[in-house]
Amino acid sequence: MTNPPPPGNWSDSTWSAQPSSPAPDPTLVAGQPVPPQAGPVDPYAPDPYAPVDPYAGAQPPATQPMHGYAPPGYAPPGYPPQYPGYGYPQPPKTNGMAIAAFVLALIGFTSCITAPVGAILGHVAQKQIRLSGEGGAGMAKAAIIVGWILTGFLVLVILFYVGAIIFAIATSNDSSSY
């Protein structure tokens, strides 16, 4: 499609139907010399202007760890080193006696004998935790609470049975006095 000439006899050099210069080639890069056109260009040929990796094909040094193995104290390959003071702190070690006290207090639901032992061990574990700074204070407190509650129920059950036996003896009929 061409532009119509301006109306009248007025002529403008910018108003012409023909371009003043040919369109630039979109495949050329600005600042690069124009390659000589010897023939058709192979679109699958490697790019002569691509950057070259100087380390391509080189063997790693013998001191570099292989296959993801890292010596102790070093980060595995591909990960940055861990800086001191970053990340989450390690949780304290849980007191073993607090664990045993909690387990014995819970077993007291079925055996009734281990509940007072769990409560007493819970008190000992609390003292150890205060002195050593270990973890497990909540477990020791739970063992104390559960152990003493179950021990109280055990005492009530024993008192009920003793009272039932005394009542049975007091109200029994002595058949030998007839």
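Analyst: A crossing of two helices is called left-handed if the near helix is turned anticlockwise from the far one by less than a right angle, and right-handed if it is turned clockwise. The model discussed here is predicted.

User: Is the crossing in which H1 passes H3 left-handed or right-handed?

Analyst: The axes of H1 and H3 cross at roughly 30° and come within 8 Å. Angles under 35 degrees count as roughly parallel, and H1 and H3 are therefore roughly parallel to each other. As for its hand, the crossing of H1 past H3 is left-handed.

User: Which residues of H3 make the contact with H1?

Analyst: H1 and H3 have axes that come within 8 Å. On the H1 side, the contact is made by Ala 98, Ile 99, Ala 101, Phe 102, Ala 105, Leu 106, Gly 108 and Phe 109. On the H3 side, the residues are Met 139, Ala 140, Ala 142, Ala 143, Val 146, Gly 147 and Leu 150.

User: At what angle do H1 and H2 pack?

Analyst: The axes of H1 and H2 are 7 Å apart, and their crossing is left-handed. Angles over 145 degrees count as roughly antiparallel, and H1 and H2 are therefore roughly antiparallel to each other. The packing angle of H1 and H2 is about 165°.

User: Which residues in H2 does H1 meet?

Analyst: H1 contributes Met 97, Ala 98, Ala 101, Leu 104, Ala 105, Ile 107, Gly 108 and Ser 111. In H2, these residues meet Thr 114, Ala 115, Val 117, Gly 118, Leu 121, Gly 122, Val 124, Ala 125, Gln 128 and Ile 129.

User: Within what arc do the buried residues of H2 fall, seen down its axis?

Analyst: The buried residues of H2 are Thr 114, Ala 115, Gly 118, Ala 119, Gly 122, Ala 125 and Ile 129. Seen down the axis of H2, they line one face of the helix because they fall within a limited arc. They pack against H1 and H3, while Lys 127 and Leu 131 are exposed on the other side of H2. The arc of the buried residues is 135°.

User: How far apart are the end C-alpha atoms of H3?

Analyst: Helix H3 runs over residues 137-170, a count of 34 residues. At 1.5 Å a residue, H3 should therefore span 50 Å, and the model agrees. The separation of its end C-alpha atoms is 49 Å.

User: By what distance are the C-alpha atoms of Ile 144 and Gly 122 separated?

Analyst: Ile 144 lies in helix H3 and counts as buried because its relative accessibility is 11%, the cut-off being under 20%. Leaving aside neighbours within four places in sequence, Ile 144 is in contact with Ala 119, Gly 122, His 123 and Gln 126. Ile 144 and Gly 122 are 22 residues apart along the chain, yet the separation of their C-alpha atoms is 5.2 Å.

User: Near what value is phi of Cys 112?

Analyst: Cys 112 is placed in the loop between H1 and H2. Its relative accessibility is 30%, so Cys 112 counts as partly exposed. Its phi is positive although the residue is other than glycine, with a value near 65°.

User: Which residue just after H2 takes a positive phi?

Analyst: The 19 residues of H2 should span 27 Å at 1.5 Å a residue, which agrees with end C-alpha atoms 26 Å apart. Just after H2, a positive phi of about 80° is taken by Gly 133.

Notes:
Residues are numbered from 1 along each chain as its sequence is written. This is a predicted model: local features need pLDDT of at least 70, side-chain atom pairs count only at pLDDT 80 or more; totals for chains, interfaces and linings use all residues. Side-chain values use heavy atoms; hydrogens and water are left out. Helices (H or I, at least four residues) and strands (E, at least two) are DSSP runs, numbered from the N terminus. The expected span of a helix is 1.5 Å times one less than its number of residues. Buried means under 20% relative accessible area, exposed over 50%, partly exposed in between (1.4 Å probe, protein chains only). The arc is that of the directions from the helix axis to the C-beta atoms. Contact means heavy atoms within 4.5 Å. Axes are lines fitted to C-alpha atoms, for helices over the stretch in contact, and angles run from 0 to 180 degrees between N-to-C directions. Angles under 35 degrees count as roughly parallel, over 145 as roughly antiparallel, 65 to 115 as roughly perpendicular and the rest as oblique.
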